[in-house]
Amino acid sequence: MKRRELFSSLASSVKNEKKQEKIIRPPYFEDESVFLTNCIECDGICSTVCEENIIIMQEDKTPKLDFTNSGCTYCDECANACPHDVLLLENKKNIDAKIEIDVLKCLSWNQTMCFSCKDPCLDDAIEFIAMFRPEIQDSCTSCGYCIKTCPVDAIKIV
């Protein structure tokens, strides 16, 4: 293998790793592997009953959450509708995602008064330290409402 080919292959593998995103599942499952076995028999009923339309079906017929347009209210409808016991009410937990504020992009962190993330937060999990320092508290359930409302996309799932 020539040197140029070696570096090209290394660079492409790094790019592919960055593109792979974490799949965020509805908050009612116990074992992630069950999605790949049981969901493929379903027609995506959980996505049709979601009041916020945040459950989308992937190509592999498994559900994932998309916070582009809304957030999760933890209404239990997807778990109630699941015919294959993938989503169960007894497995209800916080969404498995960590949400952070990018202080370089955030308007408030850059001295512009903005409360667009705090206002829709159902859990009051965004606290402002002084007037210009929003921080996400431990009480965050990762519902995603703050993500869609940020005007500069400073709130991300990490």
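**Exercise 1.** Determine whether Phe128 is buried or exposed.

*Solution.* Phe128 has a relative accessibility of 14%. Buried means under 20% relative accessible area, exposed over 50%, and partly exposed in between (1.4 Å probe, protein chains only). Phe128 therefore counts as buried.

The model is predicted, so local features need pLDDT of at least 70 and side-chain atom pairs count only at pLDDT 80 or more, while totals for chains, interfaces and linings use all residues. Residues are numbered from 1 along each chain as its sequence is written, and side-chain values use heavy atoms, with hydrogens and water left out.

**Exercise 2.** State how many aromatic pairs there are, and classify each.

*Solution.* Rings of Phe, Tyr and Trp (its six-membered ring) pair if their centres lie within 6.5 Å; planes under 30 degrees apart count as stacked, over 60 as edge-to-face and the rest as tilted. The count comes to two aromatic pairs.

Step 1: Phe29 and Phe35 lie 5.2 Å centre to centre with 70° between the planes, an edge-to-face pair. Phe29 is buried at 9% relative accessibility, and Phe35 is buried at 0%.

Step 2: Phe115 and Phe128 have ring centres 4.7 Å apart and planes at 50°, so this pair is tilted. Phe115, at 31% relative accessibility, is partly exposed.
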